Amino acid sequence: MATVVMQDIINEVNPKNELTRFDAGDSVAVHYKIKEGAKERIQVFQGVVIQKRGKGSTETFTVRKMSNSVGVERIFPSNSPFIDKIEMIKRGKVRRSRIFYLRDRKGKAARIKERYNRK
């Protein structure tokens, strides 16, 4: 009984959103809340996760996308209350946890193979 109440208090102080599980190489769409004055809107940032770092409340992940042949990277805190949801687009098959080599590649060389899960 006491542990359930304690867990509820911890969740209120540090809300850990149950987001989609993803790793480096996966293509995701991050729905992020943007506040402009009194208005609030949701902006979607879609790209490839190139790294995840940290643990617990300091965990972050970096998403990279190409915008008009210019690479754009954005770092998102995993526990941010501004993240509305994270959609998994495609699971990537990579052999590293940090795929910074994508920064040097262009065009078809920057593609990542898709990982299929057998059941």
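This is a predicted model: local features need pLDDT of at least 70, side-chain atom pairs count only at pLDDT 80 or more; totals for chains, interfaces and linings use all residues.
Visitor: What makes the pair Phe22 and Phe61 edge-to-face?

Guide: Two values decide that, since a pair of aromatic rings is described by the distance of the centres and the angle of the planes. The ring centres of Phe22 and Phe61 are 4.9 Å apart, and rings count as a pair if their centres lie within 6.5 Å. Their planes stand at 70 degrees, and over 60 counts as edge-to-face. So the pair is edge-to-face.

Visitor: Where in the chain do Phe22 and Phe61 sit?

Guide: Phe22 belongs to the loop between α1 (2–13) and β1 (27–36), while Phe61 is in strand β3, so the pair links distant parts of the chain, 39 residues apart. Both Phe22 and Phe61 are buried.

Visitor: Which residues form the aromatic cluster?

Guide: Phe22, Tyr32, Phe45, Phe61, Phe76 and Phe82 form it together. Phe61 also has Phe76 in β4 as its bridge partner.

Visitor: How do you know that β3 and β4 pair?

Guide: Pairing takes at least two bridges, and eight bridges join β3 to β4, which run antiparallel.

Visitor: Why are β4 and β5 called edge strands?

Guide: The open sheet has the order β4-β3-β2-β1-β5. β4 (70–77) and β5 (83–90) each have a single partner strand, so one side of each is left without a neighbour in the sheet.

Visitor: What lines the largest pocket?

Guide: Its lining has five nonpolar, four polar and seven charged residues. Strand β3 gives the largest share, three residues.

Key. Residues are numbered from 1 along each chain as its sequence is written. Side-chain values use heavy atoms; hydrogens and water are left out. Helices (H or I, at least four residues) and strands (E, at least two) are DSSP runs, numbered from the N terminus. Ala, Val, Leu, Ile, Met, Phe, Trp, Tyr, Cys and Pro count as nonpolar, Asp, Glu, Lys and Arg as charged, and the others, Gly among them, as polar. Rings of Phe, Tyr and Trp (its six-membered ring) pair if their centres lie within 6.5 Å; planes under 30 degrees apart count as stacked, over 60 as edge-to-face and the rest as tilted. Buried means under 20% relative accessible area, exposed over 50%, partly exposed in between (1.4 Å probe, protein chains only).
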